[in-house]
Amino acid sequence: MMGFEPYVFSNLVTVAVLIGLGLLVRVVRRQRLWNEAARQLWDRRKLAIVLVGIYLVIGLLDSVAWKGGVPEDVVDVLPNAPLTLIDRVFLGTKEASYSAPLALVEFYGAAPLRRPGTHALGTDILGRDVLYLTLKGARVALLIGGLTSLIAIPLALLFGVGAGYFGGRFDDFVFFLISTLASMPGLLLLIALIMAMGRDTLSVCIALGVTSWVGFCRLSRAETLKLRELDYVSAARALGLSEYRIVVRHILPNLAHLIVITFVLMFSGLVLSEVVLSWLGIGVDGSWGQMIDGARNELSREPIIWWNIAAAGSALFGLILAVNIVGDGIRDVLDPRTQKGPT
Amino acid sequence: MGAYVIRRLLYGVGVVLGVLFLLFILFFAVTKPEDIARRALGEKAPPEVIEQWMVNHGYDRPLWPWQDLDDNLLFDHYRKMLTFEFGLSDADDSPIIDRIAAGIGPSLALTVPLLFLGLLVSIPLSLLVAFFRETYIDRMGVFLCVLAMSVSMLLYIIGAQFLIGKILRWYPISGFDPTLLMMPRFLAMPIIVGLLGGVGGDVRFYRTVFLEESSRDFVRTARAKGASEPQIMTRHILRNALIPILTNVVLAIPFLFTGALLLEAFFGIPGLGSITVDAIAANDFATLRTMVFIGSLLLIVGQIATDLSYGLVDPRVRFE
């Protein structure tokens, strides 16, 4: 990043995320509709929301980094490497090789550990603390879900709303584009994109974005087609408002609930896709998918090394489950179709 | 109707051409033929070897028609794919079409039972959940579905293999035998895992469909004239919900051929999914783009079939 070191950028992103969350809370508090929805959601899905919050806090703690402050006796980090808060908590916990959770000696060979009894989830083959790796995976997962949605949703809105509102040639083009993309099996297209673009985090996110924007694009196009014909839009047009203003003030706010629902439901799918990509060898470094992939053969060792895969698997399951439950809750609260009572 | 069918078919042809163009962009324009050669032969390959390899694989021509109208890779790509002349693998020079022919059988042996058992399990389950709507059973069912959906497929597979290999001690944990008698032994576990992974999402989807139908006027009428609840469920709701179910099934058919990628690779079933996974590991771009093309082609045919079959199943649908 032009002149920046990556860690500075990561800090800036953290600040941006915090500001974004603050703005979100402000908007939700001010508008009665959203305020009401948020209260209902909180009443119904407290546990899941708290769980998502915990993941978010861990992810943010792992995004704030600075240099220096490493004690002299710590040897396994580069001097002058930027370290995050989570890195600092686990500084110097690296062992030589495997150890079981809370063990006092190494798993094979029974050599004494440097820090006996402190590895709550054991260590992996390189002696890295599994709890540490698992916590670090939270940031990667949030990054995959968040960054990809930030690529996919604006793209889908731009094309979907544009096509729906303006129609004509542009609509034909967009419709052809989304039918073409929708005709390619998702996973295969994803693999093709990553193989062609390279295998770093950003291209994985772009590839995930390209393969996941189609559904929402179709949805927002259909919604815009409906909204365009409504009386208040005709009224706005009759009053001489510019096209831009009509789209931003009269169409987009009516898509807001769809954006929120799509974001949450898309998120878990993206994180799960990354796990498959990790297994194919084209995933993102440091993700739970890579931990699971790296640990799957260790289950066939004798005695079994289970804590690695159990930790990554549970962390993944916890996040996906919590996000799915919150997503369902948001849909129930916001989607007018599920608002009507049971028959 | 006739005009609609023709229009729909023509649009399908257009989409096929679009898919091929996208593949060309990805596998020729973004990843240049020299890159493919270099990945196949290694970074240190001398230029003349790379040159020879590109000649052998037909990559030694200009990319675009405006560079050479008669002999360019774009037209060549279209011609080869549309005539199913897929050429040689980039990794080991074997004909791609032979591998595909060998892979279809095992893929179908896994995915056809998976599709039908999936329907057999998820439709009754979702009817049951929808029947007990707004009760404890319904909420429990939906929660179980979300639970099942939240587990990564990879974890299901690893768990199943651990179960077979370590606890039940069934050997082998993966493999395939094309004889009819031995096949079930190797296919049982992948099918069970596939069902576990898919049933959650399916039940939830079908439940929503059934609930939507159950708030229609004709259901109220049926209830008013004294039809029993199970009768309403099967005769009125299930029959009217067939359209979304049909869509779901037809769109799943292409994946019968391209196979369940993960299941095949993990359980050692030599189907099209395994071929794709091997192609990724070997940087075999020729095989990979062929697989993407075949998958897309089947999906497009499936989509057209769904659109046209609406008219057959639902008398309310009229083609203008």
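**Reading the terms off the model**

Me: Why is A:Val204 called buried?

Reply: A:Val204 has 27 other C-beta atoms within 10 Å of its own. A residue is buried if 20 or more other C-beta atoms lie within 10 Å of its own, exposed if 12 or fewer, and partly exposed in between, with the C-beta atoms placed from the backbone; the value of 27 therefore puts A:Val204 in the buried class. The structure is a predicted model, in which local features need pLDDT of at least 70 and side-chain atom pairs count only at pLDDT 80 or more, while totals for chains, interfaces and linings use all residues. Residues are numbered from 1 along each chain as its sequence is written, and chains are lettered from A and ligands numbered from 1 in the order in which they are written.

Me: What is A:Val204 in contact with, leaving aside its neighbours within four places in sequence?

Reply: A:Val204, which is found in helix H8 of chain A, is in contact with A:Ile194, A:Leu277, A:Gly283 and A:Val284 once those neighbours are left aside. Two residues are in contact if their C-beta atoms, placed from the backbone, lie within 7 Å. Helices (H or I, at least four residues) and strands (E, at least two) are DSSP runs, numbered from the N terminus. A:Leu230, 26 residues from A:Val204 in sequence, has its C-alpha atom 40 Å from that of A:Val204.

Me: Why does B:Glu134 count as exposed?

Reply: B:Glu134 has 11 C-beta neighbours inside 10 Å, and since exposed residues have 12 or fewer, B:Glu134 counts as exposed. B:Glu134 is placed in the loop between helix H5 (96-131) and helix H6 (136-149) of chain B, and has a phi near 60 degrees, a positive value in a residue other than glycine.

Me: At what angle do H5(A) and H8(A) cross?

Reply: The axes of helix H5 (residues 130-166) and helix H8 (residues 201-228) of chain A come within 6 Å and cross at roughly 35 degrees, where axes are lines fitted to C-alpha atoms, for helices over the stretch in contact, and angles run from 0 to 180 degrees between N-to-C directions. The crossing of H5(A) with H8(A) is right-handed; a crossing has that name if the near helix is turned clockwise from the far one, and is left-handed if the near helix is turned anticlockwise by less than a right angle. The contact of H5(A) with H8(A) divides into 19 nonpolar, seven polar and two charged residues. In this scheme Ala, Val, Leu, Ile, Met, Phe, Trp, Tyr, Cys and Pro count as nonpolar, Asp, Glu, Lys and Arg as charged, and the others, Gly among them, as polar.

Me: How many residues does each chain give to the contact between chain A and chain B?

Reply: Chain A gives 36 residues and chain B gives 41. On the side of chain A, helices H6 (168-182), H7 (186-197), H11 (256-279) and H13 (307-334) each give two or more residues. By class, that side of chain A has 26 nonpolar, eight polar and two charged residues. For the complex, the predictor gives an ipTM of 0.81 and a pTM of 0.84.

Me: What is the mean pLDDT of chain B?

Reply: The mean for chain B is 82, and 96% of its residues reach 70 or more, on a scale of the predictor's confidence in each residue that runs from 0 to 100.
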